Amino acid sequence: MAQSETLRAGILAGTLPEALRIYDELKALPGLRLYLILCRAPGEARGRFLFKHAARWLTGRGRITTLGLLLKGRLLFLQKPLDDAESLKSLSRLQLDIGLHKVGVIYREATIRAFRLGILNPHIGLLPRYRGRAVLEWSLLEGWPTGITVFFIDEGIDTGERIVLREEVDVSHYGSIEEAKLHLFKLDASFFRRAIEKLKEEGFSYERNRPEAGRRYYVMSGLFQKVAEEVLNERG
């Protein structure tokens with residue numbers, strides 16, 4: 001990808017503050033045009049969705065930034081599910097290259113295809129070994145490094161083939177699993193920025209995600225979580 005090429009990226013978020021937090025990290029990147037795409041939560045009433053964002057705009061930070069994006073047509077409220085035909089038409093009109101995942105949904109193929117390159121996900125585990133849930137805990141229990149992988153998703157669970165960025169992140173100085181996870185989740189904006197920088201490098205090539213080289217993990221029992229926390233404390 002040429003460095004001079006302008007990328008159009010849409011931040012897919014459930015709340016305005018979360019979208020603005022990522023926007024603030026990325027807005028200074030050269031050759032990047034950002035859009036905020038606010039999505040309704042599954043089962044959330046349309047009126048509540050609109051009221052929630054209006055209230056947060058009136059009482060929160062970033063009011064001038066948000067108003068400016070709205071006037072420029074770079075703030076979109078999707079009042080129907082992401083995979084609804086109306087939402088897909090709205091996304092297609094923006095002609096976006098990349099989606100940035102920050103909303104609690106499972107994406108369907110039609111939604112992924114609405115972005116030229118796809119949707120990036122900052123997974124708090126090192127792919128391909130750790131897919132699914134509780135990957136931080138299982139990394140600790142199995143004696144493997146913890147970290148973050150930014151990759152383009154597909155319809156599977158952490159099976160998207162194209163890895164953009166994968167890096168170990170030390171969490172041994174945190175006293176609990178909850179604190180360690182919160183730290184990793186809050187690194188999403190900086191990892192998005194670095195992933196986009198890599199995509200714009202001349203000669204960039206993806207690392208391949210091979211799901212068969214790892215396994216999918218599920219929610220961990222409370223007993224195992226306590227053991228994982230003990231391991232975390234021992235590392236510290």
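Strand S1 (7–13), strand S2 (32–39), strand S3 (75–78) and helix H5 (109–112) are among the elements covering the buried residues of H4. Contact here means heavy atoms within 4.5 Å, and helices (H or I, at least four residues) and strands (E, at least two) are DSSP runs, numbered from the N terminus. This is a predicted model: local features need pLDDT of at least 70, side-chain atom pairs count only at pLDDT 80 or more, and totals for chains, interfaces and linings use all residues. Residues are numbered from 1 along each chain as its sequence is written, and side-chain values use heavy atoms, with hydrogens and water left out.

H4 spans residues 85–94, and its buried set is Ser87, Leu88, Ser90, Leu91 and Leu94. Looking down the helix axis, these buried residues fall within an arc of 160° (taken from the directions from the axis to the C-beta atoms), so they line one face. Turned away from that side are Ala85, Lys89 and Arg93, which are exposed. Buried means under 20% relative accessible area, exposed over 50%, and partly exposed in between (1.4 Å probe, protein chains only).

## The ends of H4

At the start of H4, a side-chain oxygen of aspartate 84 comes within 2.8 Å of the backbone nitrogen of glutamate 86. Just past the helix, glutamine 95 has a positive phi of about 50°.

Note on methods
Polar contact = N/O pair within 3.5 Å; in protein donor to acceptor, adjacent residues only side chain to side chain.
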